[in-house]
Amino acid sequence: MRLNPKELKGPARQAMRAAVPSALLMTLLFWLLTDVLDTMVTIFAPDASLDSLTASLSGQGADGWMAMFLSILLTLYLVVMRFGYRAWALRTARGEQAGFGCLLDGFGMAGRVLLMQMHIFLRMFLWCIACTTVLAGVLTSVFLLLDLNPYLLYLLVWLLIPLIYLAVLLLTMRYSLAAYLLWDYPDAGPGTAVRRSAEMMRGNVWRMFRLYLSFWLWFLAGFALSSAAELGMLLPFADTIRQLLEVQDYAALIVLVQRALHTPAALLCVLLAGLPLSLFFTPYFHLAQANFYRDLSRETVGPAFSGESF
């Protein structure tokens with residue numbers, strides 16, 4: 001079973017070079033139809049703040065309702081588009097013809113795609129609730145029994161945040177193959193694809209995590225580019241930020257930073273800053289993950305596998 005990151009990433013690079021149309025052009029189109037559209041909606045859509053929604057609930061305008069409707073509609077659209085990109089990656093990894101229309105293939109089975117995402121969300125939500133409840137109970141019991149300072153509890157919770165994030169990431173990986181399974185076996189149903197993904201990933205989550213770790217430089221570069229773009233947009237406010245730090249008015253500082261980074265110019269600057277890296281990283285990562293599914297399915301499913309076997 002080829003689940004070593006190097007053995008998955010080599011064929012991914014080859015598939016990128018052999019893709020027709022170009023993987024870069026496909027990713028550029030995907031970027032325009034998702035990230036750019038999302039940013040445009042953020043810029044031009046009605047105010048989606050809590051105050052706006054509260055005003056709509058009290059009958060003072062409909063901007064809050066319109067913003068909420070657009071947000072839900074955009075979220076559903078992005079889920080289906082990302083499914084289409086994964087389908088393109090899987091077909092490209094297999095050496096099949098995959099044109100620009102692949103990005104829209106998800107709309108032909110949008111209901112099943114959205115139900116699959118709801119299954120994943122519900123499972124993740126229940127896992128998080130269970131883990132949080134157990135962790136909170138254990139920490140509270142320990143501190144009460146040992147009569148420790150409550151501030152130590154707050155400090156420990158902050159120290160545990162990276163571990164909690166890691167745990168959520170590992171849980172997410174359990175369902176990372178569901179989209180490929182639904183594409184290959186749509187008649188089996190979204191719930192079955194999610195369950196089968198969890199079964200296939202049993203004992204293989206660490207291998208998927210190693211694949212993610214092998215891209216750490218790419219993740220770091222993306223974070224650095226977006227952070228540099230955000231810092232650049234804050235430079236005109238450097239004197240104001242310095243004054244707020246001197247008087248320790250952190251509430252005003254947070255409001256200033258939020259407003260500065262949510263202007264149309266700032267949103268577009270951050271979006272464009274990550275484009276060059278995204279054009280190479282996005283297909284590379286998704287093709288490597290598609291290869292992971294292909295190799296794992298040969299071992300756990302076999303060539304005679306069919307939807308009825310779920």
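Asp 187 is exposed, with a relative accessible area of 73%, where exposed stands for over 50% relative accessible area, buried for under 20%, and partly exposed for what lies in between, all with a 1.4 Å probe and protein chains only. What I am showing is a predicted model, in which local features need pLDDT of at least 70 and side-chain atom pairs count only at pLDDT 80 or more, while totals for chains, interfaces and linings use all residues. Residues are numbered from 1 along each chain as its sequence is written, and side-chain values use heavy atoms, with hydrogens and water left out.

Let me stay with Asp 187 for a moment. Side chains of opposite charge can pair when their charged atoms come close. Here Asp 187 forms a salt bridge with Arg 112, the closest N and O atoms being 3.8 Å apart; the term stands for a side-chain nitrogen of Lys or Arg within 4 Å of a carboxyl oxygen of Asp or Glu. This pair links distant parts of the chain, since Arg 112 is in helix H5 and Asp 187 is in the loop between H7 and helix H8 (190–201), 75 residues apart. Arg 112, for its part, counts as partly exposed at 31% relative accessibility.

How many salt bridges does the count come to by this rule? The count comes to six salt bridges. One of them joins Asp 184 and Arg 94, whose closest N and O atoms are 2.7 Å apart. This pair, too, links distant parts of the chain, with Asp 184 in helix H7 (residues 178–184) and Arg 94 in the loop between helix H4 (63–93) and H5, 90 residues apart. Asp 184 counts as partly exposed at 23% relative accessibility, and Arg 94 is also partly exposed, with a relative accessible area of 31%.

Because they are three residues apart in helix H8, Glu 199 and Arg 196 are separated by about one helical turn. Glu 199 is partly exposed, with a relative accessible area of 39%, whereas Arg 196 counts as buried, at 15% relative accessibility. There is also a network, in which Arg 91, Glu 96 and Asp 105 are joined by salt bridges that share partners.

Now to the chain as a whole, which has 14 helices and zero strands. Helices (H or I, at least four residues) and strands (E, at least two) are DSSP runs, numbered from the N terminus. Of the 310 residues of the chain, 37% count as buried.

Which residues have the most contacts inside the largest nonpolar core? They are Trp 88, Met 116, Leu 177, Met 208, Phe 292 and Tyr 293, and this core has 55 residues. Apart from it lies another core, of seven residues, among them Leu 234, Leu 253, Leu 256 and Leu 261.

Next come the aromatic rings. The count comes to 16 aromatic pairs, where rings of Phe, Tyr and Trp (its six-membered ring) pair if their centres lie within 6.5 Å, and planes under 30 degrees apart count as stacked, over 60 as edge-to-face and the rest as tilted. Phe 215 and Phe 281 form an edge-to-face pair, 5.7 Å centre to centre and with 80° between the planes. Phe 215 is in the loop between helix H9 (205–213) and helix H10 (216–234), and Phe 281 is in helix H14 (residues 275–300), so that the pair links distant parts of the chain, 66 residues apart. Over the ring of Phe 215 sits the charged end of Lys 9, 4.6 Å from the ring centre; by the rule, NZ of Lys or CZ of Arg has to be within 6 Å of the ring centre and within 35 degrees of the ring normal.

Finally, two residues elsewhere deserve a mention. Pro 11 is in helix H1 (residues 5–18) and counts as partly exposed at 24% relative accessibility; the C-alpha atoms of Pro 11 and Tyr 284 are separated by 9.8 Å, although the two are 273 residues apart along the chain. Cys 131 lies in helix H5 and is partly exposed, with a relative accessible area of 42%.

Definitions and conventions. A nonpolar core is a set of buried Ala, Val, Leu, Ile, Met, Phe, Trp, Tyr and Cys residues joined through side-chain atoms within 4.5 Å.
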